[in-house]
Amino acid sequence: MKYSKQRSLVLEIMKNTYSHPTAEEVYAEARKIYPGIGIATVYRNLNQLAEMGEINRISLGNGNDRYDGHLEEHYHMVCKCCGRLQDLRPSKEKLDDFKKIAEETFGLKGFNKAELNATIMEGYCDNCAKSKKAM
């Protein structure tokens, strides 16, 4: 698929952020550089880039997908209160331990080269935890 100026811009924005933006946030950034870009163009390019495997789409189940331009193996923690999304980057040893525990706990025998795909952990960020002292 041919890369347009708009697609290249969207991809550049995604590769230069770790904030896991929504399409609307990508649109706001893109307009700073390319004021004529439309929101539909941003959505279309995010979807195409995700389909091509150039970025990851993170579906949180609330209809507001987030996007991640960093494809190295990692996972995400999301705050159940404010929605803040943060990368989790376990060491290889910890990841191997988790896979072993999953196999032993859930009886996942017969699987080879297990991969964790789109793993999202939920919890409360420090700010939300402090404001909800009952947690």
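Colleague: How many salt bridges does the structure hold?

Modeller: The structure holds four salt bridges. This is a predicted model, in which local features need pLDDT of at least 70 and side-chain atom pairs count only at pLDDT 80 or more, while totals for chains, interfaces and linings use all residues. Residues are numbered from 1 along each chain as its sequence is written, and side-chain values use heavy atoms, with hydrogens and water left out.

Colleague: Why is the pairing of Glu-29 and Lys-32 called a salt bridge?

Modeller: The term asks for a side-chain nitrogen of Lys or Arg within 4 Å of a carboxyl oxygen of Asp or Glu.

Colleague: What makes Lys-32 exposed?

Modeller: Its relative accessible area is 62%, and exposed means over 50%, with buried under 20% and partly exposed in between (1.4 Å probe, protein chains only). Glu-29, at 36%, is therefore partly exposed.

Colleague: How do you know that Arg-57 and Asp-65 form a salt bridge?

Modeller: Their closest N and O atoms are 3.6 Å apart, so they meet the 4 Å limit. Arg-57 has 33% relative accessibility and Asp-65 has 24%, so each counts as partly exposed.

Colleague: Now the helices: what makes α1 roughly perpendicular to α3?

Modeller: The axes of α1 (residues 5-15) and α3 (residues 39-51) come within 9 Å and cross at roughly 70°. That makes the two roughly perpendicular, because this class covers 65 to 115 degrees, with under 35 roughly parallel, over 145 roughly antiparallel and the rest oblique. The axes are lines fitted to C-alpha atoms over the stretch in contact, and angles run from 0 to 180 degrees between N-to-C directions.

Colleague: Which residues make the contact?

Modeller: Among them are Val-10, Leu-11 and Met-14 of α1 and Leu-46 and Leu-49 of α3, where contact means heavy atoms within 4.5 Å.

Conventions:
Helices (H or I, at least four residues) and strands (E, at least two) are DSSP runs, numbered from the N terminus.
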